[in-house]
Amino acid sequence: MTHTLPKLPYAMNALEPHISERTLEFHYGKHHQAYVDNLNKFVKDTDLENKTLVEVIRASAGKSDMVPIFNNAAQVWNHTFYWHSMSPDGGGMPSGKLLEMLLASFGDLAKFEEQFKQAAISQFGSGWAWLVYEDGALKVTKTSNAETPLTGKQKPLLTCDVWEHAYYLDYQNRRPDYVGTFFGHLANWDFAAANLEDALKG
Ligand code: FE
């Protein structure tokens, strides 16, 4: 199969003033597109050519001879998940089962917020901060470069891209400001809640 760039779930300028149209033109239009193009190039004429994106990620994870395939496939998936992890109407309060499980797992929302921001800020170099479901609880985790919880037993609920390309045009070196804005104005709790519902179904 040929992998394609999924459509953004909102207009390129929809996240302004928090994330600029110019950032999305580069981040979605150039970086995400390049991962898709590279993936198609690297799987061509290999056993993975006809596999789905998730199958490619799982088959190439941890294989030293498939690093370029894994990196590009995982980045295609991570970025699509990240676009959906944000909304022009984001931020605010989680509700329902998600809120209930956040409280049970972290004690209170402030502790969850602190852990999530800390994971995003402390990831050294490029990577991702995640809210995940694992073994009946919610956890915060971080991954470096293209690594994704999808290769283990954790079920991703929400992610924040902390590669510099995600924020440098708008925030320069101020990653904490970007992460604070992500959490306060963009985080799509409805998306996280829907992912939790799927995870609980097994
Ligand atoms: Fe990115």
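The protein is divided into domain 1, which spans residues 21–84, and domain 2, which spans residues 96–200, and the description that follows rests on a predicted model. Taken over C-alpha atoms, the centres of domain 1 and domain 2 are separated by 20 Å. To the contact between them, domain 1 contributes 20 residues and domain 2 contributes 24 residues.

The largest nonpolar core comprises 63 residues, and the members that touch the most others are Phe 112, Phe 116, Leu 131, Leu 138 and Tyr 178. Helix α3 provides the largest share of this core, with nine residues. Because domain 1 (21–84) and domain 2 (96–200) both give residues to this core, it lies between them.

The largest pocket has a volume of about 160 Å³. Its lining is made up of 13 residues, of which Lys 155, Pro 156, Asn 195, Asp 198 and Ala 199 are the closest to the centre of the pocket. Two or more lining residues are given by each of α3 (67–84), β3 (155–161) and α8 (189–201).

Gln 123 is situated in the loop between α5 (109–122) and β1 (127–134). With a relative accessible area of 8%, Gln 123 falls under the 20% limit and is therefore buried. Apart from neighbours within four places in sequence, Gln 123 is in contact with Trp 128, Lys 142, Thr 143, Ser 144, Val 162 and Arg 175.

Val 54, by contrast, belongs to helix α2, which covers residues 53–60, and counts as partly exposed because its relative accessibility is 27%, a value between the 20% and 50% limits. The C-alpha atom of Val 54 is separated by 8.0 Å from that of Ala 73, a residue 19 residues apart from Val 54 along the chain. When neighbours within four places in sequence are again left aside, Val 54 is in contact with Trp 77 and Leu 150.

Note on methods
Residues are numbered from 1 along each chain as its sequence is written. This is a predicted model: local features need pLDDT of at least 70, side-chain atom pairs count only at pLDDT 80 or more; totals for chains, interfaces and linings use all residues. Side-chain values use heavy atoms; hydrogens and water are left out. On a 1 Å grid over the protein atoms alone, a cavity is a set of points where a 1.4 Å probe fits but cannot get out, and a pocket is an open set with protein on both sides within 12 Å along at least five of seven lines; lining residues have an atom within 4 Å of a point. Grid points are joined across faces, edges and corners, and a volume is the space filled by probe spheres set on the points. Helices (H or I, at least four residues) and strands (E, at least two) are DSSP runs, numbered from the N terminus. A nonpolar core is a set of buried Ala, Val, Leu, Ile, Met, Phe, Trp, Tyr and Cys residues joined through side-chain atoms within 4.5 Å. Buried means under 20% relative accessible area, exposed over 50%, partly exposed in between (1.4 Å probe, protein chains only). Domain bounds come from an automatic or database domain assignment. Contact means heavy atoms within 4.5 Å.
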